[in-house]
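Please open the structure in your viewer and display the side chains.

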Amino acid sequence: GEDRISIRVEKCVMTPDSDPDYSTHHNLLADGCAADDTVQYHDAPNSLAQRFSFEVFRFNERPTAVVFMHCYIDVCPSDDEDSKCKSGWTSCATESESESEGDAK
């Protein structure tokens, strides 16, 4: 059943084309963590959902283009304590704080 799996959004990239590998792109999430300063995480109702928001934008190269969102999702067994899904976004806060400290020095 549904309670036996959990998910983690690994990567989300925005493009002005249906091709996720299109040369013009903007990374929202990478390696399961925010790659855009405007990404905010929100509580999810269960392990089958992850919620986040970001500020709307457009591509200067193609300002009238439709924006496509391509997301890659890890699906894990719920009982696997070592899975990527278990760490979720909680592991990201530590990484971004460490990077910020490094930039300030």
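Predicted model: local features only at pLDDT ≥ 70, side-chain atom pairs only at ≥ 80, totals over all residues.

**A tour of the disulfides**

A disulfide is a covalent bond between the sulfur atoms of two cysteines.

**First stop**

Select Cys-12 and Cys-71, which are joined by a disulfide with an S to S distance of 2.0 Å. Cys-12 belongs to strand S1 (residues 5–15) and Cys-71 to strand S6 (residues 68–77), so this bond ties together parts that are 59 residues apart in sequence. The torsion about the S-S bond is about 115°, and the disulfide of Cys-12 and Cys-71 is therefore right-handed. Cys-12 is buried, at a relative accessible area of 0%, whereas Cys-71 is partly exposed, at 34% relative accessibility.

**Second stop**

Next, select Cys-33 and Cys-92, whose sulfur atoms lie 2.0 Å apart in a disulfide. This pair links distant parts of the chain, with Cys-33 in strand S3 (residues 33–34) and Cys-92 in helix H2 (residues 90–104), 59 residues apart. Here the torsion about the S-S bond is about -85°, so the disulfide of Cys-33 and Cys-92 is left-handed. Both Cys-33 and Cys-92 are buried.

**Third stop**

Now select Cys-76 and Cys-85, which a disulfide joins at an S to S distance of 2.1 Å. The link of Cys-76 and Cys-85 is right-handed, with 70° about the S-S bond. Cys-76 and Cys-85 are both buried.

**The pairing as a whole**

Finally, display the bonded cysteines together. What is the pairing when the bonded cysteines of the chain are numbered in sequence order? The pairing is 1-3, 2-6, 4-5.

Technical notes:
Residues numbered from 1 in each chain as written. Heavy atoms only, no water. Disulfide = S-S within 2.5 Å. Helix = DSSP H or I, 4+ residues; strand = E, 2+ residues; numbered from the N terminus. Buried < 20%, exposed > 50% of the residue type's maximum accessible area, 1.4 Å probe, protein only.
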